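Look at the structure first, then read on.

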Amino acid sequence: MIWHEGWMTIDEEISPVVETDEPEKQEGTSSGPILQGSRNNTMSRFASRILKRYGDTEKAHVAFMEHAEKCDPPLPEAELNTIWNSAVRFFNKKISSSDGYVPPDQYNADFSDASLKPEDYSDIGQAKVLVLEYGSELRFSAATDYLRYDGERWVEDVQLAIGAIEEFLDLQLVDAQQDKEDAEKALVDAGIPEPIVKSGSKAVAKEVTPDQMPLLYALMAAETYLKFVLKRRDYKYIISTGNAAKPMIGIDVNDLDKNEFLINTPVATYDLKKGLTGEQPHDPRDLITKITTCAPGEEGKQLWLDALKLFFCKDQQLIDYVQLVVGMAAIGKVYQEHMIIAYGGGANGKSTFWNTIFRVLGDYAGKLSAEALTMNCKRNIKPEMAELKGRRLIISSEMEEGMRLNTATVKQLCSTDEIQAEKI
């Protein structure tokens, strides 16, 4: 068990919301930490998103470094620079040079919906803007709860989804601060002394002429927007925004991993109908939640072929049969309703062979306890079977001598029939 210090106390969680007219402070608005194991990926995605919105500017870099302050433990400055520079290179090479690209300053000037300001300051209004900005990498279903796309696959993880909302709030904070800066600059350019403008709209209201009233209203709107954003960074509002967004990004759990001929690898997704020529980029629209541990390649091929000859005593007919079985296991469609039983004496390569295939297939392979397949199993195996959704190869350890298989369970697992099961 790994213990992480939280960023809230119980009294903060249950304390009532008190509305006041006092301006909210910007200090301490960070919602939650970016924990070890997800720091690089999270910062890389955030860098990409902030660059798309503000371009390769000082403002974008400052926002990136402020977001990096959430990393726990902190990432070394050299590593942060590597992440940022890599994102900038990709932005300059792929994004800004692509046909139809509109620079951020021109885009923001031409399109009012470039702002992250909600239509109304409510949970639903906030959720709508969140979905517009992050809808491509957030999904929800009653069976899985929240899923987030990590660039390669969809991951069932509520905390990753909360992290996306926090990233959105950081972008929204930059947007609100820019709104206020623009409104203040317009007033200064109109002749209102800067110290008065910096004092806020109440002070400005005493100085403006009737012709300057629209500029005052713009400042008041920007102040309201910024106050709303700072308030929404509290954890309870993050959760309420996430809850309000669920119907907007809801999917049927049966849509996940639906294409039985697609197999996802760290390098690309492959259409198995086309073999190695079926390589295609990772695409969130495929709704794939699984990924193998390695991509197709020639490295280690001869070692594996030599191992097969050793395992199967150079019986090429048997080797070809096993190749066919493993090939069918890589496809998410049942062609043969078979349960393969590996038998033989000890130390003959059974476990080595199947464990290798298991590790290569990664998330596409799963394990089922031997007890779940026997007549003597008295416990509820439905939760265990629910974890097998989307798995293409299921491995179970050998049973004790004399144990009888549960025919109904085996048939259900090996057939094309739909399995009804539910996670705990």
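At the start of helix 16, which side-chain oxygen reaches to the backbone nitrogen of Ala-408? The oxygen belongs to Asn-406, and the gap is within 3.1 Å. A polar contact is a pair of N or O atoms within 3.5 Å; within protein, one must be able to donate a hydrogen and the other to accept it, and residues adjacent in sequence count only if both atoms are side-chain atoms.

The model is predicted: local features need pLDDT of at least 70, side-chain atom pairs count only at pLDDT 80 or more, and totals for chains, interfaces and linings use all residues. Residues are numbered from 1 along each chain as its sequence is written, and side-chain values use heavy atoms, with hydrogens and water left out.

**Helix 16**

Helix 16 spans residues 407-414. Helices (H or I, at least four residues) and strands (E, at least two) are DSSP runs, numbered from the N terminus. The buried residues here are Thr-409, Val-410 and Cys-414. Viewed down the axis of helix 16, they fall within an arc of 120 degrees, so they line one face. That arc is taken from the directions from the helix axis to the C-beta atoms. Ala-408 and Lys-411 are exposed on the other side. Buried means under 20% relative accessible area, exposed over 50%, partly exposed in between (1.4 Å probe, protein chains only).

**The largest nonpolar core**

A nonpolar core is a set of buried Ala, Val, Leu, Ile, Met, Phe, Trp, Tyr and Cys residues joined through side-chain atoms within 4.5 Å. The largest one has 49 residues. Met-43, Ile-50, Phe-64, Trp-84, Tyr-134 and Phe-168 touch the most other members. Elements that each supply at least two residues include helix 2 (39-54), helix 4 (77-95) and strand 3 (138-141). Helix 7 gives the largest share, 10 residues.

**Pocket and cavities**

On a 1 Å grid over the protein atoms alone, a cavity is a set of points where a 1.4 Å probe fits but cannot get out; a pocket is an open set with protein on both sides within 12 Å along at least five of seven lines, and lining residues have an atom within 4 Å of a point. Grid points are joined across faces, edges and corners, and a volume is the space filled by probe spheres set on the points.

The second largest pocket has 33 lining residues, and Pro-296, Gly-297, Trp-304, Gln-323 and Val-360 are the closest to its centre. Helix 13 supplies the largest share of this lining, 7 residues. The structure also holds 2 cavities of 30 Å³ or more. Asp-257 and Arg-392 are among the residues lining the largest cavity. His-282 and Asp-283 are among those lining the second largest cavity.

| Space | Volume | Lining by class |
|---|---|---|
| Second largest pocket | About 1,300 Å³ | 19 nonpolar, 9 polar, 5 charged residues |
| Largest cavity | About 50 Å³ | 3 nonpolar, 1 polar, 4 charged residues |
| Second largest cavity | About 30 Å³ | 2 nonpolar, 3 polar, 4 charged residues |

Ala, Val, Leu, Ile, Met, Phe, Trp, Tyr, Cys and Pro count as nonpolar, Asp, Glu, Lys and Arg as charged, and the others, Gly among them, as polar.

Most residues other than glycine have a negative phi, and most peptide bonds are trans. The bond from Asp-72 to Pro-73 is cis, with omega near 0 degrees. Pro-73 sits in the loop between strand 2 (71-72) and helix 4. Asp-145 is not a glycine, yet has a positive phi of about 65 degrees. Asp-145 lies in strand 4 and is partly exposed at 30% relative accessibility. Lys-314 has a positive phi of about 60 degrees. Lys-314 lies in the loop between helix 12 and helix 13 and is exposed, with a relative accessible area of 68%.
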